[in-house]
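Here's a quick tour of a protein chain, from its overall fold down to its charged side chains. Have the viewer open as you read.

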Amino acid sequence: NVIATRDDIMSYLMLRGLDAGDAFRIMEQVRKGRGLTDDDVALLKKFDIPQWYIDSCKKISYMFPKAHAVAYVMMAFRIAYFKVHHPLAFYSALFSLRPGEFDAQLILGGEHVVRSELARITAKGFDATPKERSMVTQLEIILEAMARGISFLPVDLYKSADQRFLIEDGKLRPPFASLDGVGVNAAASIVQARDGGEFISIEDLRLRSGITKAVVESLRLHGSLEGLPETNQLTLF
């Protein structure tokens, strides 16, 4: 027997005969980590509460409410269902939560590159930066998705969203915000400018979206600007 949630304390003490007011007060003290007073201990012993229960109440520093616990378990089952039966939708939603932590340029290199990066960060141990440490979980999830047959498309100037991972032909299309150096505001500006029609040049993209040279270079490095001329000027031969 253990005390699982804060509700357990009040319910159990009332079943053992304690007054509802005393049961509630003790529950509130214990769930906040305030333990039991000498008077509380004497009261509990009066109603033959086991010593292990009294000791537990003294050690507890916080108790979760039962309703929240049930809600979290239900959520876990729902997430597990989608992960097993609808993997594309699951990983699309998961990666879309924090697109800035997803390195689309790195993932473009394939599973071997992802594993190499994971090994490089892991080898650093405590010397890894906070950003690198946060990447470890993300890289592990990406490898998990790849192992389940999920493929990733490159960021496309006309097909990618600003922050959402889109499902396209059974694959995932990363958003602009998943490129290093492309923030959410720049990503949104690109999508907004794109709605006004195709870009005739990189210069046109910059002028209409207001993005910086650094963002342009990130797009260029990834190959998202391939085939787009530098300026609006025409060369006559």
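Helices (H or I, at least four residues) and strands (E, at least two) are DSSP runs here, numbered from the N terminus. This is a predicted model: local features need pLDDT of at least 70, side-chain atom pairs count only at pLDDT 80 or more, and totals for chains, interfaces and linings use all residues. Residues are numbered from 1 along each chain as its sequence is written, and side-chain values use heavy atoms, with hydrogens and water left out.

**Overall fold**

The chain has 12 helices and two strands, in the order α-α-α-α-α-α-α-α-α-β-β-α-α-α. Its radius of gyration is 28 Å, well over the 18 Å that the globule rule gives for 237 residues, so the chain is more spread out than a compact globule. (That radius is taken over C-alpha atoms, and the rule is 2.2 Å times the number of residues to the power 0.38.) Along its principal axes, the C-alpha trace spans about 100 × 40 × 35 Å.

Of the 237 residues, 38% count as buried. Buried means under 20% relative accessible area, exposed means over 50%, and partly exposed is in between (1.4 Å probe, protein chains only). With a contact being heavy atoms within 4.5 Å, residues 24 or more positions apart account for 54% of the contacts with a separation of 6 or more.

**Charged pairs**

A search of the whole structure turns up 14 salt bridges, each a side-chain nitrogen of Lys or Arg within 4 Å of a carboxyl oxygen of Asp or Glu. Why would such groups pair up? Side chains of opposite charge can pair when their charged atoms come close. Three of these bridges are tabulated below.

| Salt bridge | N to O distance |
|---|---|
| R120 and E117 | 2.7 Å |
| E168 and R173 | 2.6 Å |
| R208 and D204 | 2.9 Å |

R120 and E117 sit three residues apart in helix α8 (residues 111-124), which means about one helical turn separates them. R120 is partly exposed at 36% relative accessibility, while E117 is buried at 16%.

In the E168 and R173 pair, E168 is buried with a relative accessible area of 18%, and R173 is also buried, at 6%.

R208 and D204 are four residues apart in helix α11 (residues 202-209), again separated by about one helical turn. R208 is partly exposed at 32%, whereas D204 is buried at 10%. Salt bridges that share partners also join E117, R120, K124 and E132 into one network.
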